[in-house]
Amino acid sequence: MKAFIGIDVGKEKLDVSWLRDVVKNKQKTKVLKNTKQGYQELVDWVLKNTGLEAQNIVITTEPTGIYSEPLMYFLYAQGFTLLHVNPGKAKQYAKSLGLVHKTDKSDATMLARYGHDQQHSLSSWQPEPVEARELKAMMRRLEALEQDLQREENRYEAVGFSGASARVAQSLKDMIAVLKAEIHKLKNEIDEHIDRHPQLKKNRQLLESINGVGEVTSRIMVCLLACKRFKSAKQLASYLGLIPKHNESGKRAGKTTLSKEGPGYIRAKLYMAAIVAGQHNTDIKAQKTRLLKQGKTKMQALGAAMRKLSQICFGVVKNQTEYQPQVS
């Protein structure tokens with residue numbers, strides 16, 4: 001016998017729903033704080049109400065980054081079976097149930113039902129190795145710093161047009177210098193971290209054997225492939241929002257664009273890598289030429305290049321072999 005729990009994770013609270021009866025759609029709910037104390041109260045509540053051992057309880061959540069990860073680590077250590085649901089698929093599932101109103105409580109119940117219905121097709125969640133978790137934290141910080149730098153540089157550029165005071169311009173220059181220095185320092189520390197761990201180091205070397213993949217892209221993909229357990233190259237491309245999305249509406253019938261779901265930061269880096277690969281990678285150059293001859297637009301060809309590049313990255317890491325071009 002199993003029990004199915006859904007948790008909608010917010011910044012400050014956890015909305016919990018225990019699916020007591022699937023057929024009659026009966027559930028029992030609870031709201032707890034998203035704190036370490038709340039985690040323990042959650043475990044106590046679940047075990048008391050279900051009357052089952054942790055290994056017989058399936059808990060389903062949606063990934064919400066820093067707000068859900070500490071909870072997942074805690075629940076995993078307690079022995080629960082954990083399922084992480086792709087937000088896009090959860091949304092489609094909610095529509096299939098005919099759910100009209102969206103609340104934290106209804107989301108938690110929907111996740112519990114999703115876990116029940118899809119338990120055999122979903123892989124249970126497991127935490128990343130410690131070195132991957134540390135790398136992910138540093139990469140998140142690097143992303144935040146680079147975004148801050150871009151904003152400050154945009155403001156500094158605007159100063160030249162707005163005629164702002166010299167003091168404002170100097171403040172922006174100082175902040176830009178500080179951000180650049182910290183970014184440079186953090187990149188070095190990330191590279192040193194990768195070099196200290198043999199598997200991460202080897203994966204980076206394999207990735208950089210791909211024409212078009214440099215230190216920026218390899219740094220990102222090493223982290224992503226160490227933290228996420230993708231079953232296939234197609235699954236990776238889907239996660240990155242690189243699969244074609246058909247638009248069959250009106251005058252745009254037959255047009256395709258990228259789905260653009262998932263991490264935009266990684267997609268932006270792959271965009272630049274794909275431009276380089278389109279010039280120096282024989283496989284991607286051949287694909288680009290073929291697609292343009294078929295009448296595809298340059299942007300569609302570039303999107304295909306991004307997808308192919310991500311799939312090549314998956315292949316070299318999965319097979320632990322250097323990239324071998326298929327087109328000479």
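**Surface patches and an annotated helical span**

Met272 is found in helix α10 of this predicted model. Together with Tyr271, Ile275 and Met299, Met272 forms a nonpolar patch on the surface.

A patch of positive charge gathers Arg20, Lys24, Lys26, Lys28, Lys30 and Lys48. Its largest share, 3 residues, comes from strand β3, which spans residues 26–33. Lys24, another member of the positive patch, lies in the loop between β2 (13–21) and β3. The relative accessibility of Lys24 is 58%. Because a residue counts as exposed when this value is over 50%, Lys24 is classed as exposed.

A negative surface patch consists of Glu182, Glu189, Glu192 and Asp195. Of these residues, Glu189 is found in helix α6, which runs over residues 166–196. Glu189 has a relative accessible area of 33% and is therefore partly exposed, since that class lies between the 20% limit for buried residues and the 50% limit for exposed ones.

Residues 132–203 are listed in UniProt, in an unreviewed entry, as "coiled-coil region". In the model, this span is 94% helix and 0% strand.

Technical notes: Residues numbered from 1 in each chain as written. Predicted model: local features only at pLDDT ≥ 70, side-chain atom pairs only at ≥ 80, totals over all residues. Heavy atoms only, no water. Patch = residues over 30% accessible without salt bridge, like charges linked within 9 Å, V, L, I, M, F, W, Y side chains within 5 Å. Areas by Shrake-Rupley, 256 points an atom, 1.4 Å probe, with all protein chains shown as cover. Salt bridge = Lys/Arg side-chain N within 4 Å of Asp/Glu carboxyl O. Lys, Arg positive; Asp, Glu negative; His and termini not counted. Charge placed at Lys NZ, Arg CZ, Asp CG, Glu CD. Helix = DSSP H or I, 4+ residues; strand = E, 2+ residues; numbered from the N terminus. Buried < 20%, exposed > 50% of the residue type's maximum accessible area, 1.4 Å probe, protein only. UniProt positions renumbered as here; feature names shortened; annotations may be inferred.
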